[in-house]
Every structure is written in structure tokens, then in C-alpha cells.
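Please examine the protein model below before turning to the dialogue.

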Amino acid sequence: MKDEFGTYTSGELTSTLTFSQSTNIRDPREGYEVSMSNSYSGLMGNVKFWKHEFTGNYHRPITDRVTFVTTARIGFMHEIKGTRSGHRYSLGSDGKLRGFDWCGVGPRDKENNTVGGIKYWSVSFMAKTPLSSKEVGINGVAFLDLGSAWGSKKYKKEDLQDSRAMRASVGVAIEWYKG
């Protein structure tokens, strides 16, 4: 964790390409979206890396009021110089793996501090139904989330608690979107 202290500057450029065939951008009930994001940090400063993320969403109506949603994500990064734990992937309380503490899933050092991983995947299965009018925009959601974050080239294996093991959570939630 000594590498985490000090001053660092990062200039990052990100591009995202999205293709959507869904019925509604804010609250889709049918269709799909796929997106790809690429980031490069190193335009200025002392932090350099490449990051790539791919996301796919599929929405299918089960009944007039219930929609089944599947979301899959993968990400990987290539560390070049000066990366910190905040630049790497950790899952939990980020919408990618609900039910875990912030940075709750991913590599940790011997003192149990999160250091983040260079790879991750997550899959979410949801059934959602409206609990209000479209103008108010409240949905009830039941979900099953699966995922993992792992890998580090910066830390020695004996200094790291790192596992590719799948983590899972199941629950219910209330979702609010601006209709």
C-alpha cells in the first residue's frame, strides 16, 4: 500500500461506442444494447494504462407488466506505469455486483486493503415490474448477480489475496428512473 501514497496526476481519454435496439432509453422493456469503452491514461501525468470494457443488455417482456433483463460485462486493463487501486477493477456497490460493500470483491493485500484487479466479469439477471406511473418512474426489481475481479501484475502472489472465484448475490430492490 506504500505505492498508494504520494501525488499523482492522470489525464484520461475515453471513448464509448453504443448500439441500441431497445424500446425506451431510460426504462427499456424490450430489445438490447451493446457498448464498448476504451480508455487511455497517459496523455499527461505520471499514471499510464489502457482499459477496455464491454457491456450487453437484453430486455424481454415476460408479461404485460414484468420484464426480464440480462446484463453481462467484462473488463480488462493493461497497466503501464503508476496505477493505483482506484484505477483497477473492484466490484460491489457499483451497480456491477450488488449486495457487496464498496470494493468488496477483488484482490486484497495482506492487511485486507483492496488493491483492485486487472480483469473482471459480471452477469446480472433481473425481473422488474412498474410500481408507479411512467412519469414517476419507480420499478420493483428481483435480481441475481454473479461476478469476479482478479489479477495483478504489480503485486507478488505471496503478498496478495487474489481469487477468480465467482461471487454471487440475490435480492430485491427499488429502481427509480426519471420518466
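Student: How many residues make up the largest nonpolar core?
Tutor: This is a predicted model, in which local features need pLDDT of at least 70, side-chain atom pairs count only at pLDDT 80 or more, and totals for chains, interfaces and linings use all residues. Residues are numbered from 1 along each chain as its sequence is written, and side-chain values use heavy atoms, with hydrogens and water left out. A nonpolar core is a set of buried (under 20% relative accessible area, 1.4 Å probe, protein chains only) Ala, Val, Leu, Ile, Met, Phe, Trp, Tyr and Cys residues joined through side-chain atoms within 4.5 Å. The largest one includes Val47, Met77 and Ala149, and its total is 11 residues.

Student: Is Ile74, at 42% relative accessibility, buried, partly exposed or exposed?
Tutor: Ile74 lies in strand S4, residues 67-81 (strands are DSSP runs of E, at least two residues, numbered from the N terminus). Exposed means over 50% relative accessible area, and partly exposed lies between the buried and exposed limits. Because its relative accessibility is 42%, Ile74 counts as partly exposed.

Student: What is the positive phi of Cys103, which is not a glycine?
Tutor: Cys103 sits in the loop between S4 and strand S5 (108-109). Cys103 is buried, with a relative accessible area of 13%. Its positive phi is about 55°.

Student: Which loop holds Asn112?
Tutor: Asn112, also not a glycine, has a positive phi of about 70°. At 44% relative accessibility, Asn112 is partly exposed. Its place is the loop between S5 and strand S6 (119-130).

Conventions
Helix = DSSP H or I, 4+ residues; strand = E, 2+ residues; numbered from the N terminus.
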